[in-house]
Amino acid sequence: MLKLGEIMRQLNQMTFSVLLTGHVKCTPGWKNGPRLHQFNTLWLVAKGKGTFHIDGAAYPAEPGKLFFIAPHMTTDRQSDDNDPLEYY
């Protein structure tokens with residue numbers, strides 16, 4: 001497993017181009033997917049709760065969590081019924 005310093009060194013050597021930005025404010029119980037991604041994608045959860053399934057593994061989506069999706073990964077997203085997700 002890479003140490004934090006090595007990860008940061010590798011990230012600092014990369015070049016990123018932003019193709020699309022957005023803000024999603026989900027309704028209670030909102031669902032999306034499955035979706036096969038074509039590009040690198042970042043999701044930053046700002047508010048609420050939910051679950052992101054990435055290549056079949058479930059991850060809790062909650063404020064402060066950052067998700068990285070690589071090309072050819074499949075995702076499903078679901079917002080909580082009582083505390084809907086908001087993410088960028």
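Rings of Phe, Tyr and Trp (its six-membered ring) pair if their centres lie within 6.5 Å, with planes under 30 degrees apart called stacked, over 60 edge-to-face and the rest tilted. With that in mind, welcome to the tour. The model is predicted, so local features need pLDDT of at least 70 and side-chain atom pairs pLDDT 80 or more, while totals for chains, interfaces and linings use all residues. Residues are numbered from 1 along each chain as its sequence is written, and side-chain values use heavy atoms, leaving out hydrogens and water.

**Stop 1: the aromatic cluster**

Select Trp30, Trp43, Phe52, Phe67 and Tyr87, which form one aromatic cluster. The whole structure holds five aromatic pairs. Start with Trp43 and Tyr87: their ring centres are 6.0 Å apart and their planes stand at 65 degrees, so this pair is edge-to-face. Trp43 sits in strand E3 and Tyr87 in strand E8 (residues 86-87), so the pair ties together parts 44 residues apart in sequence. Strands here are DSSP runs (E, at least two residues), numbered from the N terminus.

Colour by accessibility next, where buried means under 20% relative accessible area, exposed over 50% and partly exposed in between (1.4 Å probe, protein chains only). Trp43 is buried at 5%, Tyr87 at 2% and Phe52 at 0%.

**Stop 2: Thr41**

Move to Thr41, also in strand E3. Thr41 is buried, with a relative accessible area of 18%. A polar atom of its side chain lies 3.3 Å from the backbone oxygen of Phe39. Beyond its neighbours within four places in sequence, Thr41 is in contact (heavy atoms within 4.5 Å) with Phe67, Phe68 and Ile69.

**Stop 3: the largest pocket**

Which residues lie nearest its centre? Select Leu19, Leu20, Asn40, Thr41 and Leu42, from a lining of 26 residues. Strands E2 (31-36), E3 (41-47) and E6 (66-69) each give two or more residues to that lining, with the largest share, four residues, from E3.

Note on methods: 1 Å grid on protein atoms, 1.4 Å probe; cavity = no way out; pocket = protein on both sides within 12 Å on 5 of 7 lines; lining within 4 Å. Polar contact = N/O pair within 3.5 Å; in protein donor to acceptor, adjacent residues only side chain to side chain.
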